[in-house]
Structure formats: structure tokens, C-alpha cells
Amino acid sequence: MTHSNHLRRVFSLLLFCFLWVCTGAAQNSDDAKEVTTTYFIKNAFVVQKPGTLLPNTSILIKGGLIHSLGPNIEVPFDAKVVDADSMYVYAGFIDACSHTGIAQQEQKDRPRVKDPGNPPKHLAGITPQNTVRNAIGEKLDKSMKDMRELGFGFVHVIPRGRMLPGQGSVLSTGNGKPEQTLIKENISQFAQFKPARRMFPATTIGVMSQFRDLYKNAEYSNAYLKSYNLDPKGLERPKHSEELAALFPVVNLQMPIFFYAPRVKDVNRALILNQELGFNLVLTGVRQGWPLMDEINGNNHGVVLSLHLPEKIEDKSKKEEKKEEKEEDKKEGDEKEESAETKMLREKKKKSHDEYVGQAALFEKRGLVFSFSSLDTKAKDIRSNILRMVEGGLSERGALAALTTNPATLLGISNVAGTIEQGKIANLFVSDKPYFDEDAKIRFMVNDGVLTEIEEKKKKKKGGSNENVSIEGEWKYNVEIPGNTQSGLIVVEGKGDDMKIKVNSDEDPADFTDATSIDFDGKNLTFEILVEGISYAIDINIEGSEFEGNVSVGEFGSFPMTGNLKDSPE
Amino acid sequence: MNKIYIWVVLVLVGLSGQAQMVEKSKKGTFLLKDATLHTITQGIIQGDLLVRDGRIAEIGIINESGASIEIIDCSGKHVYPGFIDGGTTLGLSEVGSISLTQDYRELGDFTPHMQALTAVNPNSVSIPVTRTNGVTTVIAKTAGGLFPGTAALINLHGYTPGQMYAGFKGVQMNFPSSGKRGRWDRRTPEEIKKDGDKAMKKLNDIWDKAVQYAAIDSAANASQQKISDYNPQMEALLPIVRGEAPLLVEVNKDIDIKNAIKWLEKNKLKAIFTGVSEGFRVTEELLKSGIPVITGPVLSVPGRTSARYDVSYKNPSIMLKAGIKVAIRTNETENVRNLPFNAGFAATYGMGVEEALKAITITPAEIFGVENQLGSLEKGKIANLFVSDGDPFEMKTEIQYLFINGYKVPIESRHTLLYDEFLERDPGVKR
Amino acid sequence: MKKYIASLSALLMCLSGMAQEMGSVLIKNGTVLTITDGIKNNTDVWIKNGKIKEIGQNLSADRSTEIVDAKGKFVMPGIIDAHSHIALETVNESTNPITSEVFVGDGLDPQDVAIYRALAGGVTISHAMHGSANAVGGECETIKHRYGTWDPDDLRMQGAPRTIKFALGENPMRVHGEGRNITPSTRMGIEQVFRKAFAEGRIYKKEWDDFNSGKTKTPPVYSRRMETIRDILDGEIIIHCHSYRADEILMLMNVLSDFGVDKICFQHVNEGFKVAPELAEFGAGASVFSDWWAYKFEVYYSTAYNAAILARNGVITSINSDSGELIRHLYHEAAKTQRYGDLTDNEALRLITINPAIQLGIDERVGSLEVGKDGDVAIFSGHPLSIYSIPEITIVDGIIRFDIENDPDDMRIDIDPEEKFNDSYIELDAEDEDRCMQDVFHELFFGALGKSHTLHKH
């Protein structure tokens with residue numbers, strides 16, 4: 001069909017492979033060095049573990065560990081004292097599964113294979129041998145910092161990819177070099193129902209089938225290798241497969257599979273595979289698991305609920321109402337029936353919304369042990385979503401357990417993390433009020449024994465007078481088009497009325513196109529570019545150094561667009 | 001069923017180069033005796049009907065005879081006026097997946113001068129397949145952009161488009177839609193709105209120019225001059241701008257229907273609405289506008305997943321009961337033969353048989369301004385009619401005789417011919 | 001004997017079946033179209049715990065049983081659609097000419113409103129099929145329309161035989177040959193895909209037999225694809241083959257004969273009427289459209305009399321939908337065989353009840369109203385073959401799943417918590433569909449197949 005070809009061509013023009021200019025990678029060497037790494041948090045309310053509040057307690061941190069805690073600890077001479085009177089100390093939260101710290105993969109040219117029925121394993125998304133160590137590379141992505149500032153002390157990080165992206169490792173959110181933050185390596189396999197792009201497995205059902213094949217063959221290979229190692233005489237030499245070898249710990253039940261299962265259908269599929277093959281299953285990123293709660297409960301699977309929630313409904317319905325009024329230009333009396341229907345639809349939507357928000361409470365009520373995952377959740381929504389779940393019936397204690405002790409157990413790190421106890425890793429945070437107070441703020445973070453004071457973020461002015469906010473710099477973008485992701489750069493220069501924007505694409509990094517119709521209100525940025533007579537309208541919301549939104553291409557429709565600031569302008 | 005035609009030596013078209021003998025349509029004088037005549041406009045009459053010179057020459061008790069009159073005994077049988085489908089691509093497409101056999105969509109967004117009638121293939125295999133179910137007349141329409149072309153009303157018999165032409169042509173417009181274009185449309189609501197606004201802007205721009213062109217044209221006529229530019233698009237729109245002819249406006253979603261009404265009122269245009277699948281949601285506005293509706297297919301899924309399962313079945317009756325003039329179409333190509341069944345479903349879901357019959361006979365005839373020629377059994381009208389052994393909405397019923405333009409057309413199509421050949425194949429399995 | 005088998009298998013079903021919901025209902029005083037045992041006037045049908053317990057007059061059930069008054073109404077077995085794609089998230093894994101490793105049952109979507117709309121047309125069972133992009137497609141799933149559930153497993157008809165999709169002609173030729181330069185690009189090539197698959201399946205079977213019996217020590221590579229082919233060779237899977245032309249239908253029957261496979265139902269099979277005696281002799285089923293044709297070249301020489309010719313030549317024939325629209329009125333589609341071929345009422349009704357049940361291998365359990373069979377029933381306001389009849393109540397396993405009187409308008413289950421009501425309308429007009437995005441990625445799946453300008457997927 002010509003449309004598709006046309007679109008592909010146009011997108012290829014838009015997209016570019018650009019040179020990664022590593023301008024800001026070096027650490028500032030003229031910053032003053034920390035004078036001490038001994039800290040004394042004085043006189044705080046210490047939430048030692050869910051349900052245990054120790055008043056008037058001080059904590060001594062030394063050598064990256066919680067050295068001691070109690071009401072009457074002496075202050076060592078070299079300690080930096082933090083007066084935490086009336087403040088609350090919590091164990092660093094644990095994100096039970098996310099890509100935190102791993103940068104979005106750069107999209108190279110869409111791989112083309114001659115025979116899409118038999119693609120190379122890595123293009124098909126089958127890389128179980130991949131590790132977080134490899135995936136992170138030299139530098140942690142700044143998402144790690146976001147999590148740290150939200151009170152998270154540990155993250156179970158999993159590589160990005162498709163059906164079997166690789167193995168997960170637990171990282172401390174400390175500020176060290178990547179390898180220094182690794183707490184426990186290669187503890188899990190991550191799996192998802194994410195098809196490959198235009199090659200096998202190109203669909204969910206293909207992924208299901210491929211998964212079974214791999215698993216069964218891993219079982220056979222593993223068994224054969226064992227007998228070969230016992231006595232190779234008369235046996236053909238085993239054929240080595242990196243992919244299968246990486247699955248041996250899984251088939252030996254030494255390593256669980258964290259299966260990404262946001263929707264009820266994904267949960268069902270993960271359960272099916274589990275029942276057939278018998279691996280240790282951790283359902284991960286669950287957003288809509290309540291309809292299958294009994295099945296999940298009955299089989300003692302690990303459960304990691306998603307921190308993602310649907311858009312809050314109140315403001316939205318108001319917005320929509322306004323829009324409807326405008327559109328329908330109501331004047332006649334026949335709106336009654338219509339609004340009865342709309343009202344019914346609105347109620348159903350609200351009910352659905354409430355079910356998502358109330359999932360954690362329901363799981364708690366049913367006695368299911370669960371943790372939380374920040375996969376697919378915007379950093380800025382994490383805390384408010386936790387509060388929404390509490391509002392939806394989840395106990396504060398339950399929420400806290402899901403953020404600390406439960407994931408510590410799940411990930412096998414409760415000896416070093418999850419509670420504030422002597423000898424554990426000093427990852428904790430100090431909040432000016434109880435965490436679940438609406439206006440509580442995190443004041444201090446300790447990560448790997450290093451204390452950071454968190455500056456209060458300047459409040460943005462409301463009311464649209466923010467067009468002078470600077471968003472100068474090079475922004476990297478990804479556009480999801482069906483079966484493909486394309487990326488490139490948006491370069492912003494100047495601000496306010498002087499703002500200039502140009503865009504290039506992978507295919508031709510030198511070829512920048514200037515944008516027109518630029519409009520920026522401090523958060524929302526819109527502009528248009530014209531490539532070969534086709535107009536691309538970009539509409540994105542910028543949050544800190546990240547943005548998301550979409551690009552719409554004439555009659556072809558719109559595509560989600562995400563991205564982040566490549567390097568902050570100095 | 002068609003065993004009376006076993007004398008036909010049947011050879012498959014396309015599979016063999018041999019010449020075939022085909023029963024031809026026959027012109028003449030036909031007297032349908034002792035029939036139940038469903039006149040549509042004058043109730044149900046027991047009596048005779050005389051076809052002569054292409055017209056219905058007489059209705060009542062007729063005692064003519066003579067060698068030139070073919071008498072057809074219709075006792076126990078029913079006579080209906082030929083059904084009229086208010087929207088199809090019949091004759092404009094032969095094989096769905098082969099674009100070179102499709103002639104209903106020209107390039108471009110603004111092509112009102114494209115004439116469907118030009119491309120109607122009188123020998124399309126689909127035409128006999130259609131008429132043998134009692135459908136004698138259809139709108140053959142174009143498809144595509146904002147102004148895809150000009151549709152034409154045709155009778156399903158004739159060797160040239162000219163012979164088939166049934167007296168109505170209409171410029172078509174696809175009113176900009178605020179709905180998704182299909183399950184695969186990934187545009188956000190905001191983008192859909194933006195696209196809609198863009199399309200409206202384009203539409204208004206075209207219309208401003210059309211109005212201007214009409215003014216210049218009038219001035220030119222008044223001063224007996226000629227416009228020097230060749231502008232067939234604007235030329236095609238002249239009768240619409242001047243309110244001399246109705247515009248066929250395709251519109252489906254509730255809000256779009258309301259907006260289309262406003263737009264037409266603003267520009268003081270005559271119109272016929274087509275599609276109108278959510279007409280049931282905006283009956284008051286439709287009634288007030290006085291715009292007639294050609295709706296369908298009735299056999300279609302609701303446009304919203306939240307809608308009751310049977311809204312498409314009920315839509316025609318809800319509009320009709322609100323006082324709107326409603327005709328029914330299939331929007332089909334090779335299966336326009338399902339028109340009576342679409343009407344049958346509408347009848348079952350609230351419209352009633354009598355009104356559903358009108359919706360595929362006299363009502364579309366009125367909408368197209370050919371009610372003096374077509375749409376009912378009345379003396380003097382064109383002899384488009386058929387004889388059946390029962391209610392033509394019922395699948396069990398057989399259509400037994402068919403007349404178009406007074407020609408007695410054989411009840412025969414590729415489908416019946418294949419049946420006749422293959423029901424009892426010889427040789428069977430064994431040679 | 002038959003009854004004995006039926007109740008035995010029913011018993012086995014009960015034992016093996018999951019905790020699927022079963023209900024009890026007593027339908028009073030209807031005109032009962034049993035399909036296999038004539039028409040019974042003024043008769044009751046009593047369903048207890050999901051099974052038909054009794055058919056007769058003046059029946060009374062325990063007090064807790066729901067009573068449905070069917071006076072003046074027609075009671076028939078739940079309609080069965082041998083070819084559909086509703087309730088599926090994924091239809092085609094189109095990356096290879098053979099994908100016998102995939103199973104559409106892995107992609108069920110129990111929240112698809114199309115299931116409810118099918119129920120509202122009296123359809124209680126459909127055959128959720130893989131698409132026709134590949135010569136050997138994926139395994140299919142026979143589902144019961146237990147709409148209202150969240151759990152995909154609830155849809156599965158436990159105990160129904162395995163089925164697989166094959167495809168001949170233009171679709172696999174276009175996707176693989178034209179689209180990717182990979183055999184098959186002709187009907188010759190398609191034949192060889194089958195021959196290769198079956199031959200390799202035999203080798204695979206032998207390799208594993210040798211390994212399992214200890215003859216060889218090294219495990220062969222496990223392949224879901226070949227496992228399935230082996231199971232076809234072993235007669236454990238019924239083939240449902242998308243087909244149109246007479247020559248390709250004969251071809252597949254020849255291939256199957258060579259490999260000793262005999263369980264086959266041809267789908268669409270628009271030119272089946274030309275080889276009806278051969279189909280009958282082979283024992284192949286035919287599941288056809290009532291009147292679809294001309295949407296591509298291989299269906300240009302079709303006839304709506306296909307079903308009638310096949311049925312009258314002794315081929316087990318059914319009428320299917322392959323469409324979320326047609327599935328809503330299969331009773332009407334079946335009735336068209338009375339215009340196109342003069343089938344009797346019972347012959348026409350068989351096309352959507354017992355015949356598709358035979359084709360799916362579930363005729364011991366469903367497809368007619370007999371004691372011991374599943375309590376799947378459709379109740380119509382009049383005779384189901386009349387255009388003036390309205391489906392009013394549909395019952396699956398003794399549970400009322402569609403009730404024209406009491407159901408709300410909006411029957412969605414999974415509601416997008418971020419939906420925008422005013423923008424939920426989808427234009428179904430053909431020309432708009434053609435312009436839309438589907439071709440970009442849809443092309444590879446089913447957009448380019450069949451009637452590309454509509455939603456049809458056949």
C-alpha cells in the first residue's frame with residue numbers, strides 16, 4: 001500500500017542517527033570533597049519498619065552502614081549532625097522492578113532481515129544473557145537520581161528490550177559509579193509479551209510460543225549438559241547456546257522470572273506459561289490484576305503492582321464537560337437523553353478508575369503480599385499515586401511494607417535493606433512530616449552512607465506566565481510508530497519570543513528542519529515542521545528534563561513521542 | 001429453481017472461450033393476471049397489470065388479449081415495484097482486491113466533476129446478481145475525498161450507461177468527520193478535532209470560491225460573455241450553489257450531523273443526507289432541517305462499543321417515527337442484492353413492513369425527484385417491477401419474473417447458472 | 001447408544017472441566033426445534049447444572065430454577081459459528097509460511113463486546129481462528145460465549161478437540177511470495193509447504209521416539225511447530241483450511257491422503273460446489289459464507305448457491321460469519337440458503353447448529369437439543385429463519401447471557417478509565433477504513449488480505 005511506504009519514507013527522512021556528543025559527561029572536579037561520611041541523625045521519629053515507630057531516636061551512620069540507633073547514642077566527633085527533631089526517618093524504598101538507571105536505547109536503523117520467520121535471536125528480542133551491568137555501561141541514567149530524590153534506596157533494575165531483555169540486578173540508588181551501586185547481581189530474568197518488530201515473534205501469540213520453545217529446549221539442554229558433565233563418554237558434544245544457558249538457572253528454579261503483566265490478559269498469559277512450565281513467577285507491573293486475584297493468590301506467585309494509575313478523574317471530567325459544551329453548542333432541550341447516557345458512561349468510567357486505584361487495597365484485604373514497581377510510571381506521579389492508593393483504602397502500613405520489607409524479601413535482600421536496623425545499608429530518607437501526609441517533603445536522603453540535602457524545588461508560577469522558562473538545549477526524542485521506534489534531536493535555542501527550534505532525524509543527522517508555529521507556555525510546547533510537503537505537528541509536555549506527547553502527521557494519525565534533555569546547557 | 005432454463009447451454013465465462021447461448025431480455029406487452037399488486041402508493045390490490053411500451057399501461061381488471069400479449073398467470077403471486085438502493089458502488093467495481101477493476105475513486109480531494117455514470121459497467125457480473133433479488137434501480141456513487149464526484153441513478157438493465165440512466169445525478173460530499181476512521185485510527189481526540197477543523201476550513205474555502213464562481217458565472221451569462229478559465233470542479237458545483245439541485249452529504253456521527261445541518265443552513269443549500277448511522281441521536285435537529293435521509297447499511301455494527309447492540313437495526317425506524325423522510329441503502333457493491341434484507345431488518349426492528357417497503361421504493365424515488373417515473377405500481381410509470389411467490393423480505397421467497405424498463409429480464413445470473421451446472425455434476429466423482 | 005456416549009462424555013467433561021459456571025433454567029411451552037429430533041410444539045426444555053436434563057411437556061423443576069416462559073416463541077440450540085475472529089487480540093502471526101507453533105487461544109480477549117453482540121444473535125459458540133496469512137497458520141480455539149467474565153480461561157470450551165488453520169491461495173501467496181520473496185508465491189509452492197511440513201513432522205516424530213526410547217542420547221531440538229505437525233499426523237487436530245478455488249481444494253485433499261490425514265474442514269471454500277462430490281467422498285467438511293463473493297479474484301467465480309449444492313451432495317456444510325457483523329445474524333445468513341437453493345427449514349438450521357458442531361468435533365455435546373447435551377439455547381420471537389424474528393434470550397451452560405428485556409444498553413466489561421466519551425465513535429464506512437493507518441502495520445497481518453477495503457479478515 002502506498003500510504004505505508006510513503007509514511008515509512010517520510011519518517012526515515014525525519015529520523016536520524018546523530019553523533020552522541022558527550023559534552024557534559026565528566027564530573028565537576030572542582031566541587032569540594034565531602035569532609036565526612038559519618039552522620040548523626042538526631043532525635044527523629046524513626047519508622048523502623050512498617051508498624052514500628054521509634055520516637056526520639058537517633059541514628060548513627062558510618063561507613064555506608066547503619067552503625068547504631070537508639071535514644072541515647074553518643075555523637076562521634078567526626079559526625080555531621082542532622083537535627084531531625086520532629087522529622088520522620090524511613091528506610092529507603094525499594095522499587096521492585098524498573099529500568100531506572102538504564103538510558104533509553106538509541107534506535108538505529110530498523111533492522112531488516114531477509115527471512116522474518118527466522119531472525120537472529122537478538123533482533124527478535126531474545127537476549128536472556130544480557131545483564132544490567134552491560135546495559136548500564138559507563139554511566140547511570142539520570143532517572144536514578146529522580147528515584148533517589150523520591151525516597152527510593154534500592155531498585156531492582158532490569159534491562160530494556162523485548163520478550164526476554166535480560167537479567168535483573170539490585171542496585172543501590174547511591175551516586176557512585178555503576179558497578180559500585182550493584183548490590184546483588186543477576187537475580188532474575190525479565191520477560192514481557194512484547195513482540196519483535198516485523199519478525200518472529202511479531203505478535204503476543206508468537207511470544208507465547210517462542211517462550212515455550214526456549215524454555216523446553218533450555219530444560220533439555222540443561223539436563224543433557226548435566227549428564228554429559230557426569231560422563232561424556234559416548235555422548236555428542238553439547239551445542240552451546242548463550243540464550244539457553246542463560247535460562248538454566250530459571251529451569252533449575254534458582255532464578256525467578258519477573259513477567260511484566262500490566263493488564264488482566266497479560267496476567268492470565270503469564271499464569272498459563274507458569275502452569276505449563278513450572279518456573280518461579282513474579283507477576284510484575286500489574287495494573288489490572290484484581291479480576292484474577294484468586295488465581296494469583298492460590299499459587300503463591302510473587303506480585304509486584306504497578307505504581308501507574310489512570311489519570312485522576314475529577315479535573316478531567318470537568319475539562320471534558322467544558323469541551324462538550326463547546327462542541328455541542330447546546331441550546332435546545334433535547335440534551336436530556338444525551339446527558340443521561342453521558343452520565344451513565346461517566347459513572348462507569350469512574351467505577352473503572354476507582355478499581356484501578358483500589359487494587360492495592362483489595363490485594364491487601366485478601367492477604368496478598370505485594371511490592372511496587374515504577375515501570376511505566378512518571379517519576380512525578382509516584383508519590384501522588386501511592387497517596388491515591390492509600391486514599392483508595394490501602395493501609396499506610398501496607399503501602400510501606402510494599403515499598404520496603406516486601407520487596408526486600410522478594411529480592412532476597414532483607415539482610416541489608418528494607419528496615420532501619422543496625423548493620424543494614426544506610427539507604428534511608430528523612431521527611432519533614434509522616435510520608436503519607438499530603439504536604440510532607442523529603443528533606444534528606446542517605447544513599448550508600450552519603451547524605452544529601454534535598455533542596456525544595458522552586459514552585460512554578462501558575463497562570464501561563466512561564467513562557468520565559470528556558471528549555472534550551474538538545475532534546476533527544478523517540479517516536480513510536482507501529483512496529484518501530486524512530487529517534488532524533490530537537491534543538492531548542494533562545495527562549496520566549498526568540499525561541500528557535502530545529503529538528504533532525506536518524507537517517508540524516510546533518511539535515512535539520514526549522515520549526516514553525518512555536519508555542520510554549522512553560523510546560524506545553526507545540527510546533528510544526530514541514531518535510532517534503534508533509535506537515536508534522538508536535539505537541540509535548542515538558543517535565544524537568546523529560547517530555548512526552550505526540551506528533552501528528554496529517555492524515556496518518558498521531559504517534560506517541562517521548563524524550564529527554566540530552567545535556568543541560570551550562 | 002431455474003430448471004425452466006435447462007435449455008440454456010451453459011459454459012463458464014472466463015473458463016472457456018466458447019460462445020454461450022443466453023436467454024435475452026425481451027421487450028413486449030405483458031399481462032400479469034390475477035396478482036396481488038403491492039402498489040405502495042395505493043395500497044394492495046387484487047387484479048391485473050399490463051406492461052406495454054416500457055410502462056405500466058394499466059392496472060385493474062384487464063381483459064385484453066391477442067397474439068402479441070404474453071399472459072403471465074400470477075394467481076397466488078405478488079407484484080412489487082422494483083426496489084431502489086439509495087447508495088451503492090454497483091457497476092463501478094468488479095473485483096474488490098484488484099484496484100484496476102475499481103472505478104469509483106479518483107485521485108484528489110476536490111473532484112465533484114467525476115461522473116459515476118461514465119464508469120458504470122453495464123456488463124458487470126454483479127448487476128444480474130443484484131436484480132434477480134428485485135433490486136431494479138440503484139445509485140452508483142463515487143468515493144474518496146471531500147467532494148469525490150457525482151453519483152447517478154441507474155436502472156439495472158441496458159447495454160450502455162445512457163440506457164441505464166434513471167434521471168437523477170447528485171454531487172456528493174463527505175462531510176468532515178469527528179469520529180475515528182476505523183479501528184486502526186490512532187489519532188488522539190485532540191488531533192481528530194484538529195483534522196476536522198482543518199477539513200472544515202478547506203470546505204469553507206472551497207465553498208467561498210464556489211459562491212464567487214457562481215456570481216461570476218451569473219454575471220458572465222447576464223452580459224452574454226463566457227468565463228475564460230476551464231474550471232470543471234466549480235462548474236459541477238453551480239447547481240448546488242444556486243440551490244437548484246441537492247447535495248448528497250455523507251455524514252454519520254451525531255455531532256457531525258448537527259454541524260452539517262448548520263453548515264447547509266448557513267449556505268442555504270438543498271441536501272440529502274446519506275449514511276446517518278447516528279441519526280437516532282439527533283432526530284429533532286434532522287426533523288427541523290427537513291433534510292431527507294438515505295441510511296444504511298442497516299446490517300452493520302454500532303459505531304460505539306458502548307451502544308446497544310441493535311441501534312443499527314433500529315436507526316431507520318427511530319428516524320422515521322420522528323417524522324424524518326427515510327430511505328434505506330446497502331452501501332454495497334457485489335451484494336446490493338441484500339437490500340430487501342436490510343429493509344426487512346428495519347421492518348422487524350420497529351419500522352414495519354409497509355414503511356420499510358416505502359424506504360426502498362417510493363421514498364428514494366421522491367428523494368431523487370423521480371417519483372413520477374419510479375417507486376410504485378401506478379399507471380404510466382416505468383415498468384420496473386417483479387413477481388414473487390411471497391413476501392420479498394423473507395429469504396424463503398422466490399423472485400419469479402422481473403421487468404426493467406418494460407423488458408422482461410430473465411431470472412438468471414452467474415450465481416444461478418453455476419447452480420444449474422453444478423448441483424448435479426456429471427461426471428460426479430467417478431468418470 | 002448415542003445418548004450413552006453423550007452422557008458419558010458429559011460426565012467426563014464435568015470431571016475434567018474447570019470450575020466454569022453452570023446454571024439451571026426451565027424453558028416452558030416453546031416450539032422446540034431440536035434439529036436432530038424434529039419440531040416439538042408446546043414443549044419444555046429443562047437445563048440443570050448446565051446440561052439438558054429433560055425435554056417434554058409439563059416439566060417442573062426445583063423451586064430455585066429460573067423459569068423462562070417461551071409460549072409462542074421458538075427454542076433452538078445455541079448457534080455455532082465455525083469461523084470467526086471475535087474475542088481475539090491477535091489474529092495473524094504472519095512472519096512465516098508455517099506457524100503451527102502459535103495458538104490464538106493465547107491471545108483471547110474475553111472483554112470483546114463482539115461476544116455479546118454475537119450472543120444477541122443467538123450464537124453461543126464460535127471458532128476463534130488464526131488468520132490466513134500462512135499456509136500453515138496457528139492453532140485455533142473453540143470458545144463458549146460466556147460473556148461477562150474477565151478470565152480468558154472461562155471462554156475456552158474445555159474438551160473441544162484441537163483445531164488448526166491452514167490457508168491456500170492468494171493470501172499466503174501475497175504475504176510471503178509477493179510481500180517477501182519467500183515461497184510460496186504460487187499454488188504450486190503452497191502444496192510444497194505442506195508436503196515439507198508433513199515430511200519433516202514424520203522425521204521429528206521418529207527422532208523423538210528414538211530419544212524417548214533411549215535409542216539416541218542427544219535430545220532433538222524441541223519445536224512447538226513440529227509438535228503440532230506431528231499431532232496433525234497423529235489425527236489429534238482437525239484442520240480448518242481457508243480455501244477458495246477447486247484446484248487447491250483437490251490439491252490439499254491429495255496431500256492429506258498421501259500423509260494419511262483425514263480430519264479436515266474447508267473454510268470459505270467458495271468453489272467447493274465445483275468439487276462437491278470429491279469433498280463428500282473424502283469426508284471433508286465445508287464451512288461457507290452465505291453470499292460473499294467478488295472481493296478478490298479467487299472468489300469471482302462464486303455462487304450464493306454454494307451451501308445448497310454442497311449440502312445436497314452430501315458434504316457436511318455450515319454457514320459461518322468470519323465477521324463481527326455477520327455473526328450477529330447467522331440465522332439470517334442460514335435462511336439465505338432457502339432463497340439460494342431451496343433448502344428445507346431443518347437443512348438450513350443444521351448449517352448453523354449440528355453441522356458446525358460436527359466440523360469442530362463437538363457434536364456429542366452441542367448443536368442440537370437433546371437430553372445430556374450442554375444447555376446452550378437460543379430463544380427467538382418467531383421462527384429463526386424468518387426475517388421478522390428477533391433473538392430474545394440466549395443461554396450458555398444454563399446461564400442466561402443475553403436477555404433482550406433486562407440487559408442494559410452498554411455491556412462493556414473493561415472500561416478505559418481514561419476514555420473520552422464523545423470521541424468513541426468509529427466510522428465504519430469502507431472508504432475511510434482504507435485511508436487509515438491500518439495498512440502501515442496492519443498490512444502484514446490482515447489488511448492486505450481479502451476484502452482489503454473493509455474490516456473483513458477472511
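1. Two strands pair if DSSP finds at least two bridges between them. Strand E1(C) and strand E5 (residues 74–77) of chain C pair in the parallel sense, over two bridges. In this pairing, C:Val32 has C:Val75 of E5(C) as its bridge partner. The model is a predicted one, and the points below should be read with that in mind.

2. Strand E4 (residues 66–69) of chain C runs parallel to E1(C) and is joined to it by four bridges; here C:Lys28 stands opposite C:Asp69. Strand E2 (residues 39–48) of chain C runs antiparallel to E1(C), with six bridges between them. In that pairing C:Ile27 faces C:Val45 of E2(C).

3. E1(C) and E2(C) also form a hairpin, with five residues between the two strands. In the turn, C:Ile35 has a positive phi of about 80°. As for burial, E1(C) is mostly covered, since seven of its nine residues are buried.

4. Chain C as a whole has 14 helices and 16 strands. Of its 458 residues, 65% count as buried. Taking contacts in chain C between residues at least 6 apart in sequence, 71% join residues at least 24 apart.

5. Confidence in chain B needs a caution at one end. The average pLDDT of the chain is 93, and 94% of the residues score at least 70. Over residues 1–19 of chain B, however, pLDDT stays under 50. The model has 23 contacts beyond four places in sequence for that stretch.

6. In chain A, eight strands form an open sheet with mixed pairing, in the order E6-E7-E8-E9-E10-E11-E12-E13. Strand E6 (93–98) and strand E13 (371–373) of chain A stand at the edges; each has a single partner strand, so one side of each is left without a neighbour in the sheet. From one strand to the next, the twist averages 30°.

7. One of the residue pairs is A:Val304 with A:Ser371 of E13(A). Elsewhere on the chain, helix H7 (residues 264–277) of chain A lies across strand E10 (257–260) and strand E11 (281–286) of chain A, and runs at about 170° to E11(A).

8. Two packed helices are described by the angle between their axes and the distance between the axes. For helix H5 (residues 204–230) and helix H6 (residues 242–251) of chain A, the angle is about 85° and the axes are 8 Å apart. Angles of 65 to 115 degrees count as roughly perpendicular, so H5(A) is roughly perpendicular to H6(A). Residues making the contact include A:Leu214, A:Tyr215 and A:Ala218 of H5(A), and A:Leu244, A:Leu247 and A:Phe248 of H6(A). By class, the contact has seven nonpolar, three polar and two charged residues.

How values were computed
Residues numbered from 1 in each chain as written. Chains lettered and ligands numbered in written order. Predicted model: local features only at pLDDT ≥ 70, side-chain atom pairs only at ≥ 80, totals over all residues. pLDDT = per-residue confidence, 0-100. Contact = placed C-beta atoms within 7 Å. Buried ≥ 20, exposed ≤ 12 C-beta atoms within 10 Å, placed from the backbone. Axes fitted to C-alpha atoms, helices over the stretch in contact; angles between N-to-C directions. Parallel < 35°, antiparallel > 145°, perpendicular 65-115°, else oblique. Nonpolar A, V, L, I, M, F, W, Y, C, P; charged D, E, K, R; others polar.
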